Amino acid sequence: MATIADATTRVATKARTRKPGSRIGEFAAYLQALPLLVILGGFLLLPLLMIAVVSFWDYDFAAMYPDFVTFNYTETLGSWVTWKTYLNTLKFAVIVWMITLFVGFWVAYFLAFHVRTSAMQTVLFLVCTVPFLTSNIIRMISWIPVLGRNGLVNSALVDTGLVAAPVEWLLYSDFAVVLAMVHLYTLFMVTPIFNTLMRIDRSLVEAARDAGASNLQVLTNVILPLAKPGMAIGTIFVVTLVMADFSTVQVMSGGQSASVALMMKNQMSLLQYPAAAANAVILLVLVLMMVAGILRIVDIRKEL
Amino acid sequence: MHREPRSREFYVLALFFALFVVFLYGPLSAIVILSFQGPDGGLTFPLNGVSLHWFGNLLEKQAVGDFGGSFRRSLVLGLMVMAVTVVVSLLAGLAFRRKFLGATPLFYLSVASLVVPSIIISLGIGVLFQQFGLQPAWYSSAFGAHLTWTLPFGVLIMFAVFNRFSPSYEEAARDLGASSWQTFRHVVLPMIAPSLVGVGLFGFSLSYDEFARTLMTSGTYNTLPLEIYGMTTNVTTPVLYALGTVTTLFSFLVIGGTVGTILYLNRRRARA
């Protein structure tokens, strides 16, 4: 948060002056990077490797057996349930992505270009950030008294006479899943876009105005193209979060909708780890391909 | 800066922003209000009297799971994750200022840590521990699982901080005869302290609320989010809301305390 607030006052310090060939310095860098490497190696790389290995193992109701079989993959890929679940997950990803991108951009745009003092900007940005630091599950279940059969929305609709009977599809439906996901994940879009917008040189906007551009033209020809990196980073966050989601789908759809991660979770609770592992490998490949595609558009290292 | 009158665009966007804030906080306030539901009240409005009945219920073991124990575990785990995230991110941030072999792969490994679905990490660590004959526990396997989520945030924040950090301060200190340690301790550290506090907040909060990564890695004893997640399927009384209110209040206190600390550090730096 502080880094974003600092963005306004930051000094361009791209050029680094380092003494070339400082051996001790390089050795220190290795030592400093070591803890990160050890933790990510042990708790990210090794587990992923394990999953890849286990996905080729045999299993029954009680245990897994080291082996080299491919039926975990053929069973997963050969089942129409899998394909339907993947399609459903992708559907959620696309819908939630479009909504969060729209909402996230306008919120960030308002904060960056219409709030005039940086103190106010920080306060309003914090207001947006705080819910992100509270429990996701609590934020999810907080929709129940709002959307439920006797919830606030339905009571209001019935009381005003807009509908005769409570609307059933508000809760425990795909609508509820998308709404809750937008609620949970929009901030992941707001933050990177806000960050990018704050770095746009304001004189560019003034130059465009002086050249006779209307507000709309400034927006479409100057601001939107420069905001693309932020949008790309936000997209990475939102898409990977939705693709990995099982709890929102489970709680908000009331068990009526499915996602890949939820399918994995069910396999895990049935101790079908090799099947879950095969699913994990497929999901991981899909997600990494999506991220790699987005990374072709943007160099994250330059955007930080 | 000259002040123009507010455009119509401003009012439209201000309204949009206000609606967004209502959208963010509205449902949360609904469960806060409903947690004061009377003893006979249900999960929805209207309020059936006002009472602290459901908060009292939190302390009884049979009404909810082990609330006290799971809260304590989540708190300790959050603090452990926070400490390690701050130290490791700071060290990595310092390392990335230099060019070293493998810097780019390590950076992308951190990014990968962010995008790999949490449930896959949970499954991987769970199976890994099982195969090595280790007992998963919240302080070992879940601790590592949480770090794969908090460290990338910490590293990216430190990366951004050092991207904007002018080396001329360090050069000035060195010209005045400061050793590397003195330069770090008295020049660099005070300048990046507010960001470190921010990283700590991220580390604590993300761990305190995490449950997808804890699912397969917590072992015998549940953390608080797992306890709440279990409750969503089998608890049908406002005690769920009371729990939500208490944990959210706790999160707010943590955030408030952190923001206060950052403001204090910034002010002290401005004075110095």
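Good morning, colleagues. Please bear in mind that what we have before us is a predicted model.

Let me begin with chain B on its own. Chain B contains 10 helices and 0 strands. Read along the sequence, the pattern is accordingly α-α-α-α-α-α-α-α-α-α. The C-alpha trace of chain B spans about 75 × 70 × 35 Å along its principal axes. Chain B has 272 residues, and 46% of them count as buried. As for contacts within chain B, let us take those between residues at least 6 apart in sequence: 79% of these join residues at least 24 apart.

I turn now to the two chains together. How many residues of chain B are in contact with chain A? There are 81, and they meet 82 residues of chain A. Several elements of chain B give two or more residues to this side, among them α3 (67-96), α6 (141-163), α8 (180-209) and α10 (239-271). Which element provides the largest share? That is α1(B), with 16 residues; this helix covers residues 8-34 of chain B. Sorted by class, the side of chain B that touches chain A comprises 59 nonpolar, 18 polar and 4 charged residues.

Finally, a word on chain A. An unreviewed UniProt entry carries the annotation "domain: ABC transmembrane type-1" for residues 86-294 of chain A. Over that stretch of chain A, the model is 77% helix and 0% strand.

Thank you for your attention.

Definitions and conventions: Residues are numbered from 1 along each chain as its sequence is written. Chains are lettered from A and ligands numbered from 1 in the order in which they are written. This is a predicted model: local features need pLDDT of at least 70, side-chain atom pairs count only at pLDDT 80 or more; totals for chains, interfaces and linings use all residues. Two residues are in contact if their C-beta atoms, placed from the backbone, lie within 7 Å. Helices (H or I, at least four residues) and strands (E, at least two) are DSSP runs, numbered from the N terminus. Ala, Val, Leu, Ile, Met, Phe, Trp, Tyr, Cys and Pro count as nonpolar, Asp, Glu, Lys and Arg as charged, and the others, Gly among them, as polar. A residue is buried if 20 or more other C-beta atoms lie within 10 Å of its own, exposed if 12 or fewer, and partly exposed in between; C-beta atoms are placed from the backbone. UniProt positions are given in the numbering used here, feature names are shortened, and annotations may be inferred rather than shown by experiment.
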